[in-house]
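Me: I have a two-chain model on my screen. Walk me through it in short questions and answers.

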Amino acid sequence: MRTSLTAVALLLTACDTSVTNPGLTPDGTLDKPEAWPAIVVGARRALADAIGSASATGGQLLYWSAAVTFEINPAGSTGSFGIPTDVQAGILNDATSSADWASSNQARFVPEDAVRRFKRVMPDTLFGKSLLVGQAYLYAGFANRTLGESFCQSVIPLQNPDGSLSPGSLGSHTLYFLRADTAFTNALAVFTASGKTDTQTTNFIRAARAGRASVRADLASWGLGPWSDATADAALVPDTSKFLLPYAAASPDQYNYLYWARANQSFRAHTEWGTFYEGYYRTTKDARAKWDSTGMSGDAAVAKFGGSVPFWPEAKYATTAAPVRLSSGWEMRLIEAEAALTGGNAAAAVDSMNRRRANLSLPLYDRTVSLDSAWTLLKTERAVELWLETRRLGDLRRWITHNVPGAYIDGTYRGSSTDFLHATPIETMTAPAARALCFAVGRNERETNPNVP
Amino acid sequence: MTRLPLYVGFALGLAVTAYPLAAQTGSVEGTVTAAATREPVVGAEVTIAGSNIGVRTGSDGRFALRNVPAGPREVRVLAIGYRLATLRLTVSADQVNQTSVQLTPSVLQLDAVVVTGTAGLARVREVGNSIAQVNLSQVKDPPANMDQLLQARAPGLNVMQTSGMAGEGAQIRLRGAVSVSQSNQPIVYIDGIRVRSEGYRRNRPPFDDSNSNAFRGANYQASPLNDINPADVDHIEVIKGSAASTLYGTEAAAGVIQIFTKHGGTGAPRWSFETGQGIAQLRPFGTDSVPYLNLRPAGSPTGLCHENPAAGCSWIRNAYRQRYTGSVGGGISGSRGFQYFLSGTREDNDGVLPLDNEKKFSTRGNFSVNLFDNVRLDWNTTYANTDLSNTPSGNNAQGLVLNVYRQEQNYRHSGDPKLIDSLLNQTLTTGIERLITGGTVTYTPLSWFSNRFTIGYDQANQENRNLRPFGFVAAPQGILVDEQIRYSILTADYVGNVDLHLSPALASTFSVGGQSITSDEVRTAAYGEIFPGPGLPVVSNAALFLANESRLRVVNAGFFFQDVMKFRDRYFLTGGIRFDGNSAFGKSLGLQAYPKISGSYVISDEPFWPASVGEVKLRGALGWSGRAPGAFDAVRTQIPCTSAGLSCFLPGSVGNPDIGPERTREAELGLDAALLKNRITLEATWYHRLTTDALFSVRQIPSDGYLRSQLANVGSLSNTGIELAANATVVNQVDWGLELGGTVYTNHGLVRDLGGAVPFAAGGGWVEPGFPPMAARGIIINNPNDIAAPDTVCRSSCSSHGFHIFGPQQPTLILGQQLTLRLPKGITLSARGEYQGGAWIQDGASFNALSRSVRWPTCARAYPILYPGGLADSLHTGSIPQLTARERKECVPVNTNVDTFWFPQDFWKLRDVTLTIPVGWAIRRVSSATLSITAQNYLKWINPDLRLFDPEMVGRDALNSQNRDISEHIPPPAVITVNLRVVF
């Protein structure tokens with residue numbers, strides 16, 4: 001019996017089951033200053049994943065919104081790296097949107113949570129002028145803009161007095177624009193308060209200003225603000241200024257998803273064949289809408305085209321690390337042009353558009369065109385300038401909803417693989433069936449959030 | 001490993017308290033024979049009661065017990081198929097006491113000793129739960145691996161093959177699923193040592209689990225169970241759930257499989273050699289017009305595509321298999337009673353796919369010795385080495401099977417064998433080295449007090465490697481991935497037993513014990529792409545190379561108390577409780593307690609029982625056990641990441657500081673009977689299993705920012721069913737006989753409660769109260785064969801979101817059949833069949849193909865209607881009204897929806913048919929020789945609604961998953977083996 005008791009005692013001593021496994025990091029560790037830069041970079045990564053990386057948590061906002069808006073056409077796969085058949089048909093229902101909804105919300109949450117954390121753990125004197133805080137606000141602004149321009153409705157959690165979050169409720173998508181406006185404004189305040197004038201900080205300031213101009217344009221379109229607020233910011237952003245969201249060749253999960261889906265790593269899932277951009281680039285050689293003729297076909301038959309189609313992938317993103325532009329001075333010129341059009345000044349609008357075209361040595365538009373024609377030009381210019389930057393869906397939504405004058409170039413210009421290229425689309429955003437103008441709130445939100453029916 | 005000194009310290013302490021071999025000893029020698037035939041009984045256990053002294057009889061039935069303390073002693077003799085025989089004699093010092101023992105048949109084996117699920121040794125009559133036993137000596141078909149050895153051997157033990165890839169493991173379920181989020185593979189012990197039971201990591205380049213590129217391998221899972229050489233196995237005990245597995249604690253809810261390997265006997269060495277030569281042959285699948293789904297042409301193939309990729313060639317082959325095994329066992333009749341068993345096996349098995357091959361080598365050494373009169377040491381070690389080469393398969397765009405299935409709509413845009421064959425210009429290999437070593441010290445200081453201390457170590461090193469060389473068609477600049485994984489489990493286990501005789505009719509065995517299991521998994525992976533040119537590269541030759549590492553340790557430790565009350569040796573009542581701690585539990589949880597109670601009643605030992613009726617034992621058991629959460633589930637985490645060269649964090653899991661194990665309570669009632677002079681045996685069990693605090697992956701609200709589901713102890717689920725096994729000796733003549741047997745197993749699972757969580761999808765199944773766990777949820781086509789629009793309205797068995805719940809993905813009914821025909825001259829013919837029904841499977845391969853406009857045989861009728869000008873024609877939408885409802889959903893690509901691809905997976909297979917012929921007369925100087933010819937899984941019936949495939953081809957991570965999803969794999973082949981076993 002003594003042996004038994006000794007043995008049990010020894011085993012009980014050995015019963016220390018505490019283990020600390022490496023790998024994942026306990027959340028509290030991020031309160032330490034050494035972790036702060038990585039928190040901000042996390043905000044950037046989360047936004048890159050939402051817009052479209054090859055990561056498993058990545059969304060396909062860029063890819064699928066491009067497919068719905070005819071920026072690309074399907075060329076085969078419907079599963080991995082492919083375009084699901086409902087997206088091909090222009091449908092973005094809640095089941096399809098779930099992954100995009102989740103990753104886009106994480107892209108918003110990460111910088112906003114970073115701001116909350118910084119506010120809690122940083123000295124007040126540092127918080128108001130820290131470039132890290134400024135960047136967190138900046139990415140929060142772009143994430144909210146992406147949500148507002150992409151999703152049909154908003155769900156924003158409520159912050160409790162103790163800092164925790166309560167589930168949000170369905171609201172207008174424009175709430176994201178208001179939230180983005182606030183975030184960009186805060187970013188500008190922090191960057192300015194930092195007192196720094198180096199190139200990096202200057203770029204941040206311009207990005208925040210350009211971001212705010214774009215959401216103020218959105219707000220103006222939806223009747224929630226004056227265009228003058230947008231143009232005031234836009235005017236302070238030089239033509240060639242741009243702010244990029246990086247991807248990386250360093251690991252497959254950071255690849256630019258749109259590029260990787262066409263990189264012939266077995267998948268050749270999208271093509272410019274049959275899009276407006278096929279004919280546009282053929283005619284103009286406008287570098288903004290470049291695509292490649294590969295001599296190959298897509299990786300599978302495409303039902304809507306009755307078979308395989310030529311694989312002519314976009315060439316805007318030519319590497320796995322190709323960044324996606326979040327803001328630019330050239331977009332500002334188009335905001336100024338749109339503001340002019342809303343004021344009835346077609347000539348001023350064409351002048352703004354022509355600044356870019358002159359820069360690209362493209363033929364200039366006639367500044368005497370009618371207002372309607374000028375709107376068509378603006379819609380075309382925004383289509384080309386912001387091509388494959390996750391912006392087209394938001395543009396189409398605000399224009400179509402508000403019956404903005406002018407025609408649309410978005411559509412399919414070939415009906416089958418043996419069809420010729422048409423001058424006008426044979427399928428458009430509204431005919432023969434209306435296509436989605438926004439991603440539905442994800443089914444995963446509806447199935448988990450008691451406040452979202 | 002930090003606890004190792006403690007164990008060593010204990011062992012040393014034990015040695016100090018042991019006493020040396022007694023001075024006054026004698027020997028007992030004798031022969032054990034069968035009473036009916038007078039034939040010697042081989043392998044009978046002969047022991048001196050109340051001591052560690054024991055041996056097994058040799059091939060001549062003889063035994064010799066040395067160093068038996070002088071005085072009156074009880075000799076116990078037990079052999080499979082016989083009643084316990086006891087013999088009282090007085091051992092004289094320094095003399096050899098001769099004796100002989102005759103054994104009478106017993107089918108129930110009520111006095112056989114079992115250890116699984118009991119605190120120490122227990123006789124079958126004392127055990128209140130069912131224990132399935134597989135005795136190798138009674139297995140007619142020489143099993144190729146452990147999966148096959150277990151398949152269709154007992155009701156409630158479901159072994160499903162998962163594909164036809166070389167090295168593929170089987171999914172094992174005991175009484176269905178106990179968890180929707182944790183593994184349902186039973187835990188495995190070998191000779192008292194806990195060993196790895198979860199499947200090996202799939203060879204899934206590049207290396208990142210979260211990346212959808214991670215399908216570039218063969219997409220199957222190897223099972224660590226198959227590292228064990230079945231020829232080394234003596235017998236297996238299987239306990240199927242918590243009613244019996246309480247003493248194993250937190251990780252035993254899915255049941256326990258304990259394997260006992262062979263030990264030496266007494267006397268001269270007994271040599272055994274065995275060779276098996278066979279072929280694996282893929283049985284037909286697909287349709288008559290597209291047999292094997294293009295892997296093999298209709299009619300005779302012109303050759304093998306990989307050797308000569310020309311029209312009419314075949315991608316599959318009749319694969320040659322060879323196996324050589326040798327073993328020797330014996331004992332040294334010295335004072336220490338030393339026994340040994342040594343074995344070695346070599347296998348070389350081709351697979352039916354071109355690059356598939358499995359080479360195995362394993363060796364084992366089992367030793368037993370009496371260190372002292374009252375201290376016995378058993379030490380067992382096995383080493384196994386497996387080298388696998390595989391063909392890229394499954395849902396792999398660069399795989400052979402997918403691209404052959406899809407022909408001109410594949411990722412090579414061609415069915416031309418030459419183009420497809422270019423995908424085989426890659427190597428996909430897995431190497432597994434496994435060492436299991438451990439020992440048990442049995443210390444019996446007093447006849448009524450025994451101690452057993454076990455320590456064991458199981459280590460497996462796995463290397464997964466995939467080279468797509470420079471110039472490879474789908475990665476022209478080359479990709480190389482190498483992944484190294486080390487799995488280890490350290491076991492320390494102690495049990496002490498005190499036997500008390502409280503009165504002549506009442507006895508008790510009190511047990512106390514403890515156990516510590518430390519599991520580690522360390523993984524590093526390297527990935528390189530873009531090589532400078534042709535050649536055989538290493539990762540660091542690449543222009544871009546990446547590394548990946550993970551380390552995981554889980555510690556589970558606990559202790560228990562148990563008491564068995566025995567009245568008149570026919571009434572038995574057992575009560576016990578186990579307390580467990582686990583490193584994965586939340587900080588606030590503390591120890592978990594799992595109680596158990598069971599009883600058995602050998603009613604046939606009652607005086608009133610007519611002896612002519614036979615033996616009957618009634619039993620019942622109620623017990624709890626658990627399943628631990630994952631190592632990180634308690635903690636709120638951030639995931640380290642990178643973004644364009646900078647380090648970053650992303651939200652991981654929200655964490656759950658209160659998380660604990662899910663608790664499974666199982667009750668069972670049953671009886672075991674051997675009736676009509678043992679001509680009929682019957683085992684019947686009813687069971688009910690209730691899992692509470694079930695660990696469900698509770699989805700987080702996306703707008704709250706954390707995307708990963710969080711395990712939480714919410715809800716409950718249950719399983720109920722029966723197990724029946726009956727065997728009848730229909731004819732029992734001297735020269736010939738006929739035995740028939742059958743089993744029935746049912747299992748009905750139900751999600752009872754989600755604790756407020758909304759229904760959710762997990763791993764391919766649907767979890768919602770009122771339906772089976774991991775249910776097949778989809779869209780029903782109510783009028784599949786009508787020329788009409790699909791009626792997809794769910795009218796019955798509808799989920800809360802309006803989907804149709806087809807049913808469970810695990811079978812609800814399994815019927816086993818077995819036949820043994822005994823013929824003159826010792827020839828036997830045996831056969832075993834198995835039917836599984838009631839489950840549903842998703843045909844992902846068909847959906848994947850049809851949604852990509854692949855011309856698929858299930859649409860053969862629809863295509864001439866849709867494409868009247870031939871397959872190059874455009875789809876004629878105006879012809880759609882001529883299609884059936886199902887054709888409209890499947891054959892018009894824009895209509896395809898994976899939710900309609902659920903089908904019944906009922907099947908019957910002839911698991912084996914074996915002809916065994918004694919051929920000792922033909923080989924000189926052997927004591928016995930047996931030739932057996934076995935065909936496994938050669939005949940099958942599959943529910944025609946499944947149309948193309950075999951339900952045993954799910955691949956991927958099938959060992960651990962609950963869902964059944966057919967991927968672009970091949971079914972398990974039939975195997976025909978000729979086996980010769982000779983014993984010297």
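**Domains, cores and the chain contact**

Me: How is chain B divided by the domain assignment?
Reply: This is a predicted model. The domain assignment of chain B gives domain 1 as 4-106 and domain 3 as 860-893. Domain 2 comes in pieces: 132-605 + 621-848 + 903-983.

Me: How many residues of domain 2 of chain B are in contact with domain 3 of chain B?
Reply: The C-alpha centres of these two domains of chain B lie 42 Å apart. On the domain 3 side, seven residues take part. On the domain 2 side, the classes are six nonpolar, three polar and two charged. The number for domain 2 of chain B is eleven.

Me: Which residues have the most contacts inside the largest nonpolar core?
Reply: This core has 298 residues. Helix α2 (residues 36-52) of chain A gives the most to it, with eleven residues. The residues with the most contacts inside the core are A:Leu47 and A:Ala136.

Me: Why does this core lie between domain 2 and domain 3 of chain B?
Reply: Look at which domains supply residues. The core lies between domain 2 and domain 3 of chain B because both give residues to it.

Me: How many residues of chain B are in contact with chain A?
Reply: Chain A brings 82 residues to the contact. They divide into 41 nonpolar, 32 polar and nine charged. The largest share of that side, nine residues, comes from α1(A). Chain B brings 83.

Me: Which residue stands opposite A:Pro26 in β30(B)?
Reply: Two bridges join β1(A) to strand β30 (residues 637-643) of chain B. The two strands run antiparallel. Opposite A:Pro26 stands B:Thr637.

Me: Is B:Ala831 buried or partly exposed?
Reply: B:Ala831 sits in strand β44 (residues 828-837) of chain B. Its contacts, leaving aside neighbours within four places in sequence, are B:Gln818, B:Leu819, B:Leu910, B:Asp912 and B:Val913. Buried takes 20 or more other C-beta atoms within 10 Å. B:Ala831 has 19 C-beta neighbours inside 10 Å, so it counts as partly exposed.

Me: What separates the C-alpha atoms of B:Ala831 and B:Arg465?
Reply: Along the chain, B:Ala831 and B:Arg465 are 366 residues apart.

Definitions and conventions. Residues are numbered from 1 along each chain as its sequence is written. Chains are lettered from A and ligands numbered from 1 in the order in which they are written. This is a predicted model: local features need pLDDT of at least 70, side-chain atom pairs count only at pLDDT 80 or more; totals for chains, interfaces and linings use all residues. Domain bounds come from an automatic or database domain assignment. Two residues are in contact if their C-beta atoms, placed from the backbone, lie within 7 Å. Ala, Val, Leu, Ile, Met, Phe, Trp, Tyr, Cys and Pro count as nonpolar, Asp, Glu, Lys and Arg as charged, and the others, Gly among them, as polar. A nonpolar core is a set of buried Ala, Val, Leu, Ile, Met, Phe, Trp, Tyr and Cys residues joined through C-beta atoms within 7 Å. A residue is buried if 20 or more other C-beta atoms lie within 10 Å of its own, exposed if 12 or fewer, and partly exposed in between; C-beta atoms are placed from the backbone. Helices (H or I, at least four residues) and strands (E, at least two) are DSSP runs, numbered from the N terminus. Two strands pair if DSSP finds at least two bridges between them.
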